Amino acid sequence: MINFHKNHKSLVYTSFAVFLGLSTLIAIIPAYQMQETQPLPGMLPMSEEVQNGFNTYVAENCMACHTQQVRNIEMDKVWGDRPSIPSDYYYSKQRMDFWRQSPSILGSERTGPDLTNVGKRQSGQEWHLLHLYNPRIVVKESVMPGYPWLFREKYENTLSENDVVVPVPEKFLKDPQVKIVASQKALDLVAYLISLKQIDLGEENITAFIKAKERPQPADSGANGSSSLPDGAVLYANTCAACHQADGNGLPGAFPPLAGSDIVTDSSPEMLIKIILQGYDARPEYGAMPPFADMLSDEDIAAIATHERSSWGNNAPAVTPEEVKKIRDYIQTLNQ
Amino acid sequence: MFKTENVFRTVNDFFRKKKTNGRIKIFDSISDKIIRNKYLWSLLLLLSGTTMFGQMRPNPSTENWELSPGIIGTVMLICIVLIIAILILFYRLSETLGNIIRKKDYRDKTVFSEELMTLSEPEIDEILEKRKKALGYQLSGNELSNDSEVEDTKGLIAKVTHKRNMPLADEKKKTKISLETPEELKKIVIWYLGASIFWLVFGTFIGQYVGMKFVWPEMDTTPWLSFGRLRPVHTNTVFWGWASMAMIGLGYFVIARTSNTRIHSYKWAWTGWILINLSVFFGNLSLMNGINNGGGEYREYIWPIALLFGLGLIITFFNFYKTVANRKIEEIYVSNWYILGGLVWTITLAVIGYLPNFQDGLGETVIQGYYMHQGVGMWFMTFTLGLIYYYLPSSLNKPIYSYSLGVLAFWTQMLFYTLIGTHHFVFSPLPWWLQTVAIVFSAGMFIPVVAGTTNFLMTMKGSWSEISKSYVLPFFLVGVVFYFVGSTQGSLQAFRFTNYVWHFTDFNVAHSHMTMYGIITFIMWACTYAILPKITGKNPKQFFVGVHFWLAFIGLFAYMISLMAGGTERGLSWIESKPFIDSVILMQPYWVWRAIGGSLMFLSHLIFAYNFYVMVKKRKNISAQSKTESVNI
């Protein structure tokens with residue numbers, strides 16, 4: 001009989017063998033199984049630019065604060081249309097090079113937002129560049145560090161044609177004469193962030209979120225139609241405030257104000273709804289706005305438009321989902 | 001029995017309320033039986049995977065989140081620590097009160113002598129007459145002793161004082177025992193501890209700096225000091241620099257002492273020292289330069305640098321193993337089980353963690369969960385338990401309560417701890433069965449934890465009064481209590497519901513400090529204060545040990561509680577789908593409190609470093625100390 005108390009060999013060998021056996025069962029075999037995952041149809045390998053940006057993402061250890069996993073519980077719905085599945089990581093999780101292993105992008109802390117779908121949520125290059133230079137330019141309360149070393153400072157007369165100038169507001173500059181120019185590294189990093197979009201699995205293949213328990217509806221719901229709309233203020237904060245700001249004043253030189261805007265407060269909401277659905281890039285002094293038709297329902301857009309039309313001193317009548325639906329249908333017929 | 005039935009009934013009701021779907025209702029009677037039979041239940045948990053615990057069940061309601069078992073359990077556990085702290089404080093206070101009462105007695109005596117002054121002449125005469133008579137009585141003069149001079153040959157009297165002072169706390173017993181230790185071993189222990197303390201101060205300075213960045217994100221804009229790069233510098237330094245170096249240094253003493261022999265090779269010990277320090281130094285340098293291994297927690301050092309550490313571990317293992325093999329006693333003391341086990345497991349773990357085989361897709365994530373949790377469980381926890389099994393009984397000067405419990409805890413530690421890594425990825429795209437196994441075995445961790453805690457507390461039993469008389473024991477007590485509280489809380493945190501609320505929030509950070517700091521660091525301190533005075537013959541200043549203890553303890557508590565409260569609030573805010581930025585804003589006061597707690601902790605480390613200096617600084621008349629050549633037990 002093995003006597004662990006007196007035989008150091010059998011003690012050490014046994015604890016090694018059992019540990020190795022358990023490790024094989026719990027880690028090595030499942031790891032090999034997970035490696036057999038194939039990419040989703042429609043998934044493309046990273047372009048060189050995106051790959052370079054991804055390298056910067058890992059070098060700056062963005063994974064310390066940003067997850068890239070939409071869990072299969074309903075609270076994570078804000079971060080993606082469906083829960084993440086192993087195939088999503090086919091191209092992003094491969095060994096980086098001889099020195100560095102496959103990056104741990106799933107993350108374990110969500111100090112900042114999840115980035116699985118950030119390219120869809122926030123597709124504007126300008127916003128990302130401003131945010132990287134100093135996050136507090138666009139999100140006042142942010143605790144994210146700035147990355148000014150990914151930018152160069154230049155004077156007006158030394159600017160070349162290809163320089164991407166970032167419209168940093170004056171109060172964030174030490175010298176107001178200086179222009180902030182994005183380096184290739186910053187542009188690559190932004191290209192990577194914008195490339196982060198969940199692949200649509202189509203209706204059939206969808207993996208579902210585990211439903212949250214239904215919240216009991218207040219007794220008076222349905223009594224008037226407007227209370228069945230989602231909360232416009234929350235939707236605005238989640239979707240629009242990053243650019244147009246919580247106070248509706250936008251950012252001069254980057255994002256137009258909504259407070260007091262003629263389009264927002266026009267008695268007919270048609271133009272406003274069209275811009276939300278289709279995006280907008282008609283004014284050179286501002287950044288381009290992405291279309292939201294795929295991301296927001298008629299009810300969402302009605303709620304957001306109503307919120308915008310009645311906040312920050314704006315005073316225009318509410319918008320109904322029917323109005324939004326009409327315009328959405330109209331745009332669709334135009335596209336066909 | 002009756003009570004258990006009631007609990008199960010409540011659990012059933014709880015489940016029944018959730019099931020509104022008629023189809024699921026059919027399973028009610030089945031689930032009743034299952035819940036009654038807990039063995040079957042855990043088996044089912046293991047086997048059922050997606051079918052029963054998969055997508056079917058809705059998320060639990062968070063309305064009464066404060067009543068969920070995981071949350072209640074955590075709150076109760078925290079209260080235990082608080083109560084223990086209050087008890088320690090109470091003990092100290094009652095001692096102080098005792099001193100004050102004694103002071104009052106003294107004052108009463110003064111009153112009495114003043115009374116004597118006012119006596120009249122005849123009264124005094126009468127008393128004096130009586131006294132004269134009494135004094136006239138004479139013994140031969142040497143009934144109790146002979147006429148020889150007073151001499152304390154056994155060194156029982158520590159201090160003679162003629163001043164009556166009223167100290168705030170009892171004077172702590174100074175270590176009188178001087179263990180005869182070979183000079184080389186002494187030097188190794190001191191140098192390992194010295195390096196570890198350097199890394200402690202450096203690592204927690206970085207930690208404090210990163211913590212302050214949550215409050216002032218624009219403290220600096222230097223790439224080398226940015227948050228993402230510095231965070232792993234903090235964690236890796238305190239892991240591989242502080243705790244690992246301290247453990248190995250303290251381990252060298254245990255291995256030699258309990259095997260009643262000398263260390264196999266002093267040269268190997270020094271090689272290990274150099275390799276590990278180089279690894280931490282170059283590792284941090286590369287991390288600050290933006291070179292990391294892909295950001296997987298605790299394996300951020302790229303492999304050539306981690307290899308240095310791995311070689312250090314392998315050398316240490318062979319050194320320890322050979323020493324145990326050459327032991328002069330038959331049995332292998334249980335400390336050595338843990339220490340050798342910890343080394344073997346960690347070397348295996350590091351090899352698996354750094355092998356280039358599991359790189360594609362989520363294969364790496366499976367390994368990451370396994371590696372990150374085992375790094376803590378198989379290395380720090382296992383090795384530290386081994387140290388407690390030697391240093392705790394030896395500082396109480398009595399044997400460990402139960403040897404068998406120690407052995408049971410050893411095997412269950414290996415069995416259960418190994419399987420729980422994936423609980424860091426609950427609800428992630430990793431296989432559901434893997435998550436379930438991790439959760440079940442996290443609960444299984446109760447067994448080694450309860451076995452270990454019972455063993456340590458029963459060893460301390462009967463020596464509680466020592467707590468106010470020793471500067472070592474409060475550290476042990478806090479470490480052991482945190483061992484129970486931190487580990488159990490971790491098991492509770494692995495449950496799906498608690499994950500639902502706490503995962504991804506700052507609660508995780510609180511948990512890791514509760515364990516790596518509350519358990520490992522406090523035990524390292526206890527061991528250091530227990531052994532250094534014995535081998536150098538110099539005691540630290542009692543006052544500074546006290547300051548160290550209380551600053552660290554209060555700091556840790558502020559740190560933990562603020563992040564736990566904030567983390568919970570943040571999780572609930574996410575569940576209610578409030579805008580993300582709201583959850584950042586609500587964390588701000590908690591981050592300030594965390595920074596305050598962190599400052600206290602950092603301050604205590606500076607004091608610890610000073611105490612270490614006092615304990616090891618060379619005495620001027622070093623020639624008086626004789627070199628010891630052999631170990632004497």
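Biologist: Is Ser577(B) buried, partly exposed or exposed?

Modeller: Burial is judged by counting other C-beta atoms, placed from the backbone, within 10 Å of a residue's own: 20 or more means buried, 12 or fewer exposed, and anything in between partly exposed. Ser577(B) has 16 such atoms, so it is partly exposed.

Biologist: Before we go on, how should I read this model and its labels?

Modeller: Residues are numbered from 1 along each chain as its sequence is written, while chains are lettered from A and ligands numbered from 1 in the order in which they are written. This is a predicted model, where local features need pLDDT of at least 70, side-chain atom pairs count only at pLDDT 80 or more, and totals for chains, interfaces and linings use all residues.

Biologist: Thanks! Where does Ser577(B) lie?

Modeller: Its phi is near 50°, a positive value in a residue other than glycine. Helices here are DSSP runs of H or I with at least four residues, strands are E runs of at least two, and both are numbered from the N terminus. Ser577(B) sits in the loop between helix H20 (542–575) and helix H21 (580–616) of chain B.

Biologist: Why is Asn61(A) classed as buried?

Modeller: Asn61(A) is another non-glycine residue with a positive phi, about 55°, and its place is in the loop between helix H2 (48–59) and helix H3 (118–121) of chain A. Asn61(A) counts as buried because the number of other C-beta atoms within 10 Å is 24.

Biologist: Where does H9(B) bend?

Modeller: Helix H9 of chain B covers residues 227–259, and its 33 residues reach 46 Å from first C-alpha to last. That is close to the 48 Å expected at 1.5 Å a residue, a span taken as 1.5 Å times one less than the number of residues. A bend is the angle between axes fitted to the seven residues ending at a residue and the seven starting there; for H9(B) it is about 30°, at Thr237(B).

Biologist: How many residues of H9(B) are buried?

Modeller: Across chain B, 46% of the 633 residues count as buried. H9(B) is largely enclosed by the rest of the structure, because the buried residues number 32 of the 33.

Biologist: What is the strand order of the open sheet in chain A?

Modeller: Two strands pair if DSSP finds at least two bridges between them. S1(A) and strand S3 (residues 178–182) run antiparallel, joined by 5 bridges, and S1 (151–155) and S2 (165–166) are the edge strands, each pairing on one side only. The order is S1-S3-S2.
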